[in-house]
Amino acid sequence: MKLKDAMLLTGNHAAAYGAMLAQPKVMPIYPITPQTPVAEKLTEFQLQGLLDAEFITPESEHSAMAACISASLTGVRVFTATSSQGLMLMHELLHFASGARTPIVMVNANRTVASPWGFWADHTDSLSQRDTGWLQYYVENPQEALDTVLQAYKTAENPSVLLPAMISYEAFYVSHSLEVVEIPSQEAVDSYLPPFDPELRFDPEQGRSFGNVVSQELYYRHRKQLSQAMDKVFAIAKDADEKWKELTGRTYGLVERYKCENAQHIIIAMGTISGTARAAVDKMQSDGIPVGLMKIRLFRPFPVDKLRQELAGRDKVIILDRGSSPGTGGGSVLHQEVKSSLYGLKNAPEVYGYLAGVGGTNITPEKIEDLVKRSLKEKSTTKSIWGW
Amino acid sequence: MKHYEIAEEKVFLPGHGACPGCAMALALRYVLNIFGRNSVAVIPPSCMGPMMGAQPYSSMLIPIFHNSFESSASSAAGIKRALRARDRDDVNVLALAGDGGTYDIGLQALSSVAEHNEDIVYICMDNEGYMNTGTQKSSSTPRHAYTTSTPGGKESRKKNLVEIMAAHHVPYVATANIGYLDDFVTKIHKIKDMKGTRMIIVLIPCIDGWGFPGDAAATMSRLAVQTGVFPLYEVEDGTKYTINHGPEGLPVETYISRQRRYRHLTAEQVSEIQKEVDENWAKLEGMANLFSATM
């Protein structure tokens, strides 16, 4: 079956196309709204002969991740997808996956976490997994979802990295919204992403064991190596994005700059709020307000050096955060991350953190303009502000 | 005395960390040495960890993956599927877990793997409690037994995992112990030649957790069968029953009076245990008569 060059796809289906083109060999997936169409599309691909994978339909996301880890250790490419409660049920094994150095790629449809129940766009599910040793990408549309799945494999499977990667996109705003998506050919993807055939794997011919009990010193060394591998990711992910540009003409950067030249003030956002913020930036610039946008696409590892370089000398930074963490100086994760990145920087900007869009509430360009104008008038506070 | 000559491929080696006299070391020796080098295994937290030893040493000549506590079945299934994808479907994939990791925290994953009939071998080393953490009750702990979490004796019965697995219609589930080594070895050979989800629940009398002398694990294994507490039987495809060894008319008192975990029992509680054992046996015999494997 020949693939079309471009199709009208939802974020979920675009992610499934990305996964299919990576040709994973084992796919353990458990259904959850709003991710389920990813899994459905992949099983459909298998039926159409576009995929030759072992599908596992376990009884929980926990078991899905367990099978991902052990299959990846056995030396095959693995893919899974989840959302919200499912991601959090995996939490123990997210740590396990990075500790086992398994380059699993997973998409996560960002959805509010219970209680109370909701199905709405919110980054708290994945933000609360930030210490698990996974690469984290946040994407804003179906095309970026497809492209990032493949870039994530390219980065995660690099022998200097060997860490799992998560691609998050918001419930419904991305997962169920249709856009035209360009689909690269299988040949093109194969030229970009070589087969995953790790030298060290779980195999009776090799006799290697994994995850054994270790001493304090060995554990310390292991964690240090894991952290050092994470430190190498930025350069490798940047290279993967540049090679993707050579192949498809599309590039995103790891921190996207939008109209930042001569911008005294910078809005920082992730995911779909970035798209809205571009419209707000256009409007404000035409009104003479010197504001630009930086979209954080790679959240783990956090682009500390890049932000210090980009934000030095600016006046104000306005952070819009769709996730919340009670007890972190007002509740915004992104606010804390940016502030700590800028600590001790000469000519550091004033930083404003707004909780905007939490729970899937609608953030309009007008709302963003309000928050920017408010920041221009007020002194910044150490605490983030509920800004919707 | 009968002397067993069993063909073994050396996989399980001396230098393991089991307690002196532990039945699990002998059980593991036959499981691993019969399955041989073309095997891999997953091990959750359990007595199997110290038995393997700490990095960089291992008492087992096959690759071992130490998985998370509740994931033995799903981890084994993930490996099997990946081996299949790598054209290495010939490799035996074993899960070696304790009763806490099987009857309790691992049951959900095990149920799913059994329902899918994933091609793995699951060996449950059943010492009837969380012995590796210092003797807490599991759902496999029998009624009235003392553990540190049931200091007055456990109030509920031991969970019947054989019936749970049989209800999933897995190709094979059986009980075994090292008091009946020929029976155990026959069962290991039998499942080695089968496909699908296969399970052996091995009763491991725990020297420290149950409280008996270090040279009595084999005796305790035999008494468990002879008193009818732990009959040895097989269920194939969920319906075909074979009883290998059953009670020989010995009262349960012969078995429980030798264990510290039952020292607090009243005469009434001993009769309750006897009644439970009799009921269980009657039910098993009934099932075996109705659904005999030789019918």
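**Exercise 1. Characterise the polar side of the interface between chain A and chain B in this predicted model.**

*Solution.* Step 1. Begin with the polar contacts: 18 residue pairs, both members at pLDDT 80 or more, are in polar contact across the interface of chain A and chain B.

Step 1. Locate the elements on the side of chain A that touches chain B. At least two residues each are supplied by β3 (54-56), α3 (61-73) and α5 (91-99) of chain A. With eight residues, α3(A) provides the largest share of this side.

Step 2. Sort that side by class. The residues of chain A that touch chain B comprise 18 nonpolar, eleven polar and nine charged ones.

Step 3. Turn to the salt bridges. Five are found across the interface of chain A and chain B. A salt bridge requires a side-chain nitrogen of Lys or Arg within 4 Å of a carboxyl oxygen of Asp or Glu. The side chains of A:Glu205 and B:Arg88 form a salt bridge, with N to O at 3.3 Å.

**Exercise 2. Determine how many residues of each chain are in contact and how much area is buried between chain A and chain B.**

*Solution.* Step 1. Count the residues: 38 of chain A are in contact with 36 of chain B.

Step 1. Take the area. The two chains bury about 2,800 Å² between them, and 60% of it lies on carbon and sulfur atoms.

Step 2. Identify the residues of chain A that lose the most area to chain B. These are A:Glu54, A:Phe202 and A:Pro204, which together account for 21% of what that side buries.

**Exercise 3. Describe the lining of the largest pocket.**

*Solution.* Step 1. State the volume: about 1,600 Å³ of space lies in the largest pocket.

Step 1. Examine the lining. It consists of 48 residues, and those nearest the centre are A:Gly99, A:Ala100, A:Arg101, A:Phe210 and A:His222.

Step 2. Assign the lining to elements. Two or more residues come from α3, α5, α7 (142-156) and α9 (216-248) of chain A, and also from β2 (64-66) of chain B. The element that gives the most is α9(A), with eleven residues.

Step 3. Classify the lining: 22 residues are nonpolar, 14 polar and twelve charged.

**Exercise 4. State how many cavities of 30 Å³ or more are found, and name the residues that line the largest cavity.**

*Solution.* Step 1. The count comes to three cavities of 30 Å³ or more.

Step 1. The largest cavity holds about 60 Å³ of space. From chain A, its lining includes A:Ile56, A:Pro58, A:Glu59, A:Ser63 and A:Ala67. From chain B, the lining includes B:Ser74, B:Ala77, B:Ser112, B:Val113, B:His116 and B:Glu118.

Step 2. Among the elements of this lining, α5(B) gives the most, with three residues. The lining divides into five nonpolar, four polar and two charged residues.

Notes. Residues are numbered from 1 along each chain as its sequence is written. Chains are lettered from A and ligands numbered from 1 in the order in which they are written. This is a predicted model: local features need pLDDT of at least 70, side-chain atom pairs count only at pLDDT 80 or more; totals for chains, interfaces and linings use all residues. Side-chain values use heavy atoms; hydrogens and water are left out. Contact means heavy atoms within 4.5 Å. Buried area is the accessible area (1.4 Å probe) that two parts lose on being put together, summed over both. A polar contact is a pair of N or O atoms within 3.5 Å; within protein, one must be able to donate a hydrogen and the other to accept it, and residues adjacent in sequence count only if both atoms are side-chain atoms. Helices (H or I, at least four residues) and strands (E, at least two) are DSSP runs, numbered from the N terminus. Ala, Val, Leu, Ile, Met, Phe, Trp, Tyr, Cys and Pro count as nonpolar, Asp, Glu, Lys and Arg as charged, and the others, Gly among them, as polar. On a 1 Å grid over the protein atoms alone, a cavity is a set of points where a 1.4 Å probe fits but cannot get out, and a pocket is an open set with protein on both sides within 12 Å along at least five of seven lines; lining residues have an atom within 4 Å of a point. Grid points are joined across faces, edges and corners, and a volume is the space filled by probe spheres set on the points.
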